[in-house]
Amino acid sequence: MLDKRLKLCAELVRGTRVCDVGTDHAYLVAELLSEGKCVSAVAADINEKPLAAARETLEKAGVSGKAELILSNGLESIPPNGITDIVIAGMGGELIADILSRCNWLEGRNLILQPMSRPERLIDFLCGNGFEILKQRAVTDGRFCYTVINAVKSGVKPFVPTELFRILGKLDLDEPSAKLYAERSAEKLFREGRASGSTEKLALGAEIFKRIGRKDMYSVNDLMILMDKIAPLKNLHKGDNSGLLVGDGNAPVTKVLFALDITCEVVREAAKIGAEAIIAHHPVIFHPLYALNDNDPACLAFKHGIACICFHSPLDMADGGVNDIIFDMLAPILKLKKQSVLEPIHPDGRGYGWVCDMGNKMIPKELGKLLKDVFGCTAVRCTDSDRIVKRLAFCSGGAGGNLPLAIAAGADAYITGDVKHDQWITARNSGIALYDCGHFHTEDIVIPYLVKRFKEEYPQLEAVRAEADKDPVDYIF
């Protein structure tokens, strides 16, 4: 009696003479001959001991006269004459690929391949060496789930399979066993992705979940993995509060809301649209909480079961982060060239803001009008200056305190937000043009970037920008 794995292999045999490579006890050969599925067979193995067991099996089944026992390393000692089907089962995918690569008479033979591990390596080999995968099946046997590949060497043009095809091949996901195989493959991808921080494996696992109709594609921890890739937490500035600040890292997520600040309005929006998590730049918890009530957004989020992830200083300093986005917005217009980091924080020189030389020189008032358009500000507060702006410095958010650094760097203009009265006085005294474009407007620019990155790397996750993500300041003119 064959187990389910070998029974599926037997179902795919089509010809009259089968070669079973790595036959072990020859259970498959005995079944095929006893049932008349084939007329004759070759039972091959690399060692004498399994061949002795195979001989005993065939004798008990009364079919020893129809089977030839051959000691062979793979297919090396097998005479090809008359062989219609080749079964290689119970080995690793890489070993099966190696056996096939060393045989030069495979054309036209019906190949039935059952890898115990690394099936993706076998699919890589088949696709890259002129084999056509005719069909692929899956079978569950106890707690194990196996795949069986039916292929033929037809000389088709080699190609590089997609990552999804490497995992699923030609499985029909409407079949229960294939669906279970796909589900377990996805779960493995998620385990590996979370252990290694690979967003690629997480995204692939989510794609498979989508195809089989599973909803819990990502967890809050998966969001953390991608955020740490975008803005590594190792660059956290001392005293900052970033990371998972509210919620359970293992909670499933299908929709995430993005905002600069997690306000009560943003939390209510998340609850209304069914977002299980919010990702923000500013920490939702920064100062000690002395009371817990619905007027605090962190408490309100916890009440609704909404996780809050905040990446503050790491996102300010990240490659492609807030200050790099400002550079990208201004560089094409002003022909900027980076000279130095405005405020180095870490030993590698990473820090806040940039000092840049300008290819297109401007007078301060023209620069102020340009900044209003670029940032979409309601208003730009500024000091005028007699200087032509040839070098500028900028730092996102409330970095008025870095004005002395801009002056020391020889900047003719400094762009930031939340400028205080004494800083305006310092700017006047030093002759530098100072621009307050607002904390919100110099940092909210990162939110579309985050939404875009999540849509690219986690395509099955619904990423939404909060409508309540607005400048908290009203202006009267």
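In strand E15, methionine 358 is the bridge partner of leucine 336. Strand E14 (residues 336–344) pairs with strand E15 (residues 351–362) in the antiparallel sense, over 7 bridges. Two strands count as paired if DSSP finds at least two bridges between them. E14 and E15 form a hairpin with 6 residues between them. In the turn, glycine 349 has a positive phi of about 95°.

The model is predicted: local features need pLDDT of at least 70, side-chain atom pairs count only at pLDDT 80 or more, and totals for chains, interfaces and linings use all residues. Residues are numbered from 1 along each chain as its sequence is written, and side-chain values use heavy atoms, with hydrogens and water left out.

E9 and strand E13 (residues 307–310) run antiparallel and are joined by 3 bridges. Leucine 244 stands opposite isoleucine 309 in E13.

Helix H2 (residues 27–34) and helix H3 (residues 48–61) have axes that come within 9 Å and cross at roughly 20°. That makes H2 roughly parallel to H3 (angles under 35 degrees count as roughly parallel, over 145 as roughly antiparallel, 65 to 115 as roughly perpendicular and the rest as oblique). Axes are lines fitted to C-alpha atoms, for helices over the stretch in contact, and angles run from 0 to 180 degrees between N-to-C directions.

The largest pocket has a volume of about 760 Å³. A pocket is an open set of points on a 1 Å grid over the protein atoms alone, where a 1.4 Å probe fits, with protein on both sides within 12 Å along at least five of seven lines; lining residues have an atom within 4 Å of a point. The volume is the space filled by probe spheres set on the points, which are joined across faces, edges and corners. The lining has 26 residues, and Pro119, Glu120, Ile167, Ser185 and Lys188 lie nearest the centre of the pocket. H7 supplies the largest share, 8 residues.

Methods: Helices (H or I, at least four residues) and strands (E, at least two) are DSSP runs, numbered from the N terminus.
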